[in-house]
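Visitor: I would like to take a close look at a single part of this protein. Could you walk me through it and then out into its surroundings?

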Amino acid sequence: MRAATTLLLSIVLGCALFTICPPGALAQGTQKPAAEHFARAVALFNEGDLRASLVEFQKAYELSPNPSVLYNLGQVHFQLQEYAAALKALSRFLAESSPSAANRADAETTVQTLRKRVGRIFVRSNLEGAEIAVDDEVVGRSPLTTPVVVSIGRRRISARAGGYVPATQVVDIAGGDTVTIRLDLAAAAAGLARGGAAGKTEPVDPLARRRTWRIVSWTTTGVLAGAAVAAGVLALMASADLKAERDRFGATAERLTRYADRSQGFGLATDVLTGAAIVAGGVSLYLQLSAPAGAEGRSRRSAGASSVARDAVGLRVSPTSVALTGSF
């Protein structure tokens, strides 16, 4: 069936080729390049490359506006399911061709089918002169006095203008639908202030970031304190086991050494964790008490990267000590 359809259309397109470019006109003006584009369009159509064929047909029509080419444009748009474009091309073919033109009856039948496969959209905008596009194809500028004819299905309608944030709306169109949409464009400065469509993000709130660090620091302090308590309990238990082993008759040096190492290890862990908890608590207290307020706070928050470097703090742990480093 597909092969038969392709063969039939190639015959139609071939006939149109002779219509657009009679033998005596090949060397005159734009007729020859138009005929070349037309012939290339026919070949591409028969190869199944409909998009490239469409481009060649459009070029041929630009060079030599023959109504026969409009018929072929309409047929290719139809094959691509671009019903609104097909309806436009075939309607122009009927308006510009003679009553006895070849393929006229077929075009009239196809137009009746296409009218059931399009809808209409009234586009309103708050800005005059905005560029209106349907699925990224420009259809005019606001205000549009007539509805835009679109193919059935999901359509993306957009409006854009220099100095304004683009507005877009997606609508589902059924055959015969007539809908009205409004696309209001906001000034670019207002859009940026809202962090909107220009790709800008809201600035980071320094107070919110400081609150986050406070939460993290107090949480860390609590975890370290809990771990220190647990280690202390284990250290006490290990110390009690060592004392009991010393008091036991027949205790060996090996067992006493093992119990002593265990007690010493838990004791050291308790000291380290306690020191770390104290340091973390000091950092948390500093962050809590140094919250900026009023104009002075706003000035300090605007200091940027230099204030981040100035407020940087760190924890240095060595085998024998725990120290807080940094400047405030």
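Which strand do bridges join to strand S2 (residues 131-134), how many bridges are there, and in which sense do the two strands run?

Guide: Happy to. Strand S2 (residues 131-134) is joined to S3 by four bridges, and the two run antiparallel. Before going on, please keep in mind that this is a predicted model, in which local features need pLDDT of at least 70 and side-chain atom pairs count only at pLDDT 80 or more, while totals for chains, interfaces and linings use all residues. Residues are numbered from 1 along each chain as its sequence is written, and side-chain values use heavy atoms, with hydrogens and water left out.

A word on terms: helices (H or I, at least four residues) and strands (E, at least two) are DSSP runs numbered from the N terminus, and two strands count as paired if DSSP finds at least two bridges between them. In the pairing you asked about, Glu131 stands opposite Arg141 in S3. The loop between S2 and S3 holds Asp135, whose phi is near 50°, a positive value in a residue other than glycine. Most residues other than glycine have a negative phi, and most peptide bonds are trans. Asp135 counts as partly exposed at 31% relative accessibility; on this scale buried means under 20% relative accessible area, exposed over 50%, and partly exposed in between, with a 1.4 Å probe and protein chains only.

The peptide bond from Ser142 to Pro143 is cis, with omega near 0°.

Now for the sheet around this pair. Four strands form an open sheet in the order S3-S2-S5-S7, with antiparallel pairing. Strand S3 (137-141) and strand S7 (167-173) are at its edges with a single partner strand each, so one side of each is left without a neighbour in the sheet. From one strand to the next, the twist of this sheet averages 25°; such angles run from 0 to 180 degrees between N-to-C directions, and the axes are lines fitted to C-alpha atoms, for helices over the stretch in contact.

S4 belongs to another open sheet, made of three strands in the order S4-S1-S8 with mixed pairing. Its edge strands are S4 and S8, each pairing on one side only, and the twist averages 35° from one strand to the next. Strand S1 (residues 118-125) and S4 run antiparallel and are joined by four bridges, with Val118 opposite Ser151 in S4. S1 also pairs with strand S8 (residues 178-183), here in the parallel sense over six bridges; Arg120 has Thr178 as its bridge partner in S8.

A helix comes in here too. H5 lies across S1 and S4, running at about 120° to S4. The loop between H4 and H5 holds Gln81, another residue other than glycine with a positive phi, near 65°. Gln81 counts as exposed, at 55% relative accessibility.

S3, S4 and H5 come together again in the largest pocket. The elements giving two or more residues to its lining are helix H3 (50-63), helix H4 (67-79), helix H5 (83-96), S3 and strand S4 (148-151). H5 gives the most, with six residues. The lining has 28 residues, of which His77, Ala84, Ala85, Lys88 and Glu137 lie nearest the pocket's centre. A pocket here is an open set of points on a 1 Å grid over the protein atoms alone, where a 1.4 Å probe fits, with protein on both sides within 12 Å along at least five of seven lines; lining residues have an atom within 4 Å of a point. The largest pocket has a volume of about 960 Å³, taken as the space filled by probe spheres set on grid points that are joined across faces, edges and corners. Its lining residues divide into 16 nonpolar, five polar and seven charged, where Ala, Val, Leu, Ile, Met, Phe, Trp, Tyr, Cys and Pro count as nonpolar, Asp, Glu, Lys and Arg as charged, and the others, Gly among them, as polar.

Finally, the whole chain. The protein chain comes to eleven helices and eleven strands, and of its 328 residues, 33% count as buried.

Notes
Contact means heavy atoms within 4.5 Å.
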